[in-house]
Amino acid sequence: MFLSIDGVSYDVLGFIQVNRSFKVEEDSNKGTAISGRKIRSIVGAYLSHTFTIYRDPKNVTAFDLFWDAIKAKSVQDSVQLIAADGQTTISYEAYYTAAQQALDWRNNDTNLWGKIVITFESIEPQVVPE
């Protein structure tokens, strides 16, 4: 799987599961007509990619550095995301508001953290009405 944030590739991470989705957003002109028929006022479809990143036991350092990088970039307005999509990749301006990770175990003074889950959402619609 391929993942790049602001031009930095994270190929050295462990197994990465990628889920893609989209959400159609409508503006305030949507509603319901007197007949009961729904009136849609579509702005466009916004893409999202959710990554579940599993630790590679051979490269725990890269995994920890990835967490530090996404935590540091979380306060930016957006990042440039390149992600697996279709048979190749897609690039779009995205944001994220949260990531999560659970502590797998602690041995003496060493913490070993589990998978990271993070969802990136596009800033602008990737599909717009004609």
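This passage walks through the fold of the chain and then visits a few of its residues.

The structure is a predicted model, in which local features need pLDDT of at least 70 and side-chain atom pairs count only at pLDDT 80 or more, whereas totals for chains, interfaces and linings use all residues. Residues are numbered from 1 along each chain as its sequence is written, and side-chain values use heavy atoms, with hydrogens and water left out.

The chain has 10 strands and 1 helix, where helices (H or I, at least four residues) and strands (E, at least two) are DSSP runs numbered from the N terminus. In sequence order the pattern reads β-β-β-β-β-β-α-β-β-β-β. The C-alpha trace spans about 70 × 30 × 25 Å along its principal axes. The radius of gyration of the chain is 19 Å, while a compact globule of 130 residues would have a value near 14 Å; this radius is taken over C-alpha atoms, and the globule rule is 2.2 Å times the number of residues to the power 0.38.

Of the 130 residues, 31% count as buried; buried means under 20% relative accessible area, exposed over 50%, and partly exposed in between (1.4 Å probe, protein chains only). Among the contacts with a separation of 6 or more, 63% come from residues 24 or more positions apart, a contact being heavy atoms within 4.5 Å. The accessible surface of the chain comes to about 8500 Å², and carbon and sulfur atoms hold 50% of that area; the areas come from the Shrake-Rupley method with a 1.4 Å probe, and for residues only the protein chains shown count as cover. As for charge, the chain carries 12 positive and 16 negative charges, whose mean positions are 8 Å apart. Here Lys and Arg count as positive and Asp and Glu as negative, with His and the chain ends not counted, and each charge is placed at NZ of Lys, CZ of Arg, CG of Asp or CD of Glu.

The aromatic rings come next. A search of the whole structure finds 3 aromatic pairs; rings of Phe, Tyr and Trp (its six-membered ring) pair if their centres lie within 6.5 Å, and planes under 30 degrees apart count as stacked, over 60 as edge-to-face and the rest as tilted. The ring centres of Tyr-10 and Phe-66 are 4.8 Å apart with planes at 70°, so this pair is edge-to-face. The pair links distant parts of the chain, 56 residues apart: Tyr-10 is in the loop between strand E2 (8–9) and E3, and Phe-66 is in helix H1 (residues 60–73). Tyr-10 counts as buried at 10% relative accessibility, and Phe-66 counts as buried at 0%. Another edge-to-face pair is made by Tyr-96 and Phe-120, with ring centres 5.0 Å apart and planes at 65°. Tyr-96 sits in the loop between strand E8 (88–95) and strand E9 (99–107) and Phe-120 in strand E10 (residues 110–122), so the pair ties together parts 24 residues apart in sequence.

Leaving aside neighbours within four places in sequence, Ser-48 is in contact with Asn-19, Arg-20, Ser-21, Tyr-92, Thr-119, Phe-120 and Glu-121. Ser-48 lies in strand E6 (residues 42–53) and counts as buried at 12% relative accessibility. Lys-23, by contrast, is exposed at 55% and belongs to strand E3 (residues 16–26). With neighbours within four places again set aside, Lys-23 is in contact with Gly-44, Ala-45 and Tyr-46. The C-alpha atoms of Lys-23 and Ala-45 are separated by 5.4 Å, although the two residues are 22 apart along the chain.

Phe-15, in the loop between E2 and E3, is exposed with a relative accessible area of 56%. Not counting residues up to four places away in sequence, Phe-15 touches Thr-52, Ile-53 and Tyr-54. Most residues other than glycine have a negative phi. Asp-6, however, has a positive phi of about 50°; this residue lies in the loop between strand E1 (3–5) and E2 and is partly exposed at 32%. Asn-108 also has a positive phi, near 55°. Asn-108 is found in the loop between E9 and E10 and is exposed, with a relative accessible area of 67%.
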